[in-house]
Amino acid sequence: MPDPLFIFMLTRGDATAPNAAEAAREAIAAGVRHVGFKDVGASPAELAALAGELKAAGATTYFEIVSLDEAGELASAELALALGVDVLMGGVRPWAVGPRVVGSATRYFPFVGRVVGHPSALTGSADEIAASAREIAALPGVDGLDLLAYRSDLDGSALARAVCAAVEAPVVVAGSIDCAERISAVGLAGAYAFTVGTAAIDGAFPAAAPGLAGQLAAIQAAVRDAGQSPS
């Protein structure tokens with residue numbers, strides 16, 4: 001099975017970080033080519049400048065909606081389309097956003113299950129979340145799923161396995177991946193990708209070098225090691 005993609009989120013505490021532009025440059029220099037940000041924490045103009053810089057550097061761009069009110073979610077979806085991001089993630093109204101994305105160049109990976117609060121948390125049983133994944137994956141405009149496996153009261157690794165087994169759509173495991181063991185677990189689950197934001201910015205990973213560059217190198221090494229783990 002292929003290694004999961006590592007998506008570096010320029011975020012801390014479920015919001016785009018104040019130093020996102022600087023962090024983006026460090027990530028590009030470190031060879032990271034999948035980079036994202038959230039719809040809160042920065043102005044539309046700042047997000048436009050960030051998206052433009054990432055695209056100019058050849059990065060694949062991700063925009064995750066964590067606004068849960070209807071007006072905020074729909075406005076963020078429209079902004080993502082206007083910015084031309086490669087992947088729109090998150091949000092809890094795929095029946096409303098999906099048809100809007102159809103025909104655009106942007107792929108759409110909404111949240112599955114019942115997502116509440118900010119920072120976002122996932123509620124419900126594993127069976128309910130897997131059923132939600134199947135239902136949402138079948139909606140028009142939906143290309144994949146955004147799973148907050150480690151933002152629930154369940155066993156995150158087991159939940160990732162259950163959801164990946166329930167659908168054929170690619171699954172991104174997002175939120176609270178803060179160690180090599182979780183990276184290995186999402187790879188073994190068959191996830192398409194995973195995100196890391198706060199953990200890298202806060203220095204959660206044991207690293208051979210200091211700062212963000214060291215964190216990114218440690219995560220990239222964990223991805224390579226996960227690919228060598230027995231299945």
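Predicted model: local features only at pLDDT ≥ 70, side-chain atom pairs only at ≥ 80, totals over all residues.
**Exercise 1. D14**

Determine whether D14 is buried or exposed, and describe its loop and its phi angle.

*Solution.* 
Step 1. D14 has 4% relative accessibility and therefore counts as buried, since the limit for buried is under 20%.
Step 2. The loop that holds D14 runs between β2 (11-12) and β3 (15-16).
Step 3. D14 is not a glycine, yet its phi is positive, at about 65 degrees.

**Exercise 2. T106**

Locate T106, assign its accessibility class, and identify its contacts and the backbone oxygen that its side chain reaches.

*Solution.* 
Step 1. T106 belongs to the loop between α4 (94-101) and β7 (107-109).
Step 2. T106 counts as buried because its relative accessibility is 6%.
Step 3. Leaving aside residues up to four places away in sequence, T106 touches L81, G84, V85, D86, V87, L88, V101 and D143.
Step 4. V85 is one of these contacts, and its backbone oxygen is reached by the side chain of T106 at 2.7 Å.
Step 5. As a distance check, T106 and A166 are 60 residues apart along the chain, and 24 Å separates their C-alpha atoms.

**Exercise 3. The peptide bond between H118 and P119**

*Solution.* 
Step 1. Omega for the bond joining H118 and P119 is about 5 degrees, and the bond is cis.
Step 2. P119 sits in the loop between β8 (114-116) and β9 (121-123).

**Exercise 4. G190**

Place G190 in the chain, classify its accessibility, and give its C-alpha separation from A49.

*Solution.* 
Step 1. G190 lies in the loop between α7 (180-189) and β12 (193-196).
Step 2. G190 has a relative accessible area of 40% and is therefore partly exposed.
Step 3. G190 and A49 are 141 residues apart along the chain, with their C-alpha atoms separated by 34 Å.

Conventions: Residues numbered from 1 in each chain as written. Heavy atoms only, no water. Helix = DSSP H or I, 4+ residues; strand = E, 2+ residues; numbered from the N terminus. Buried < 20%, exposed > 50% of the residue type's maximum accessible area, 1.4 Å probe, protein only. Contact = heavy atoms within 4.5 Å. Polar contact = N/O pair within 3.5 Å; in protein donor to acceptor, adjacent residues only side chain to side chain.
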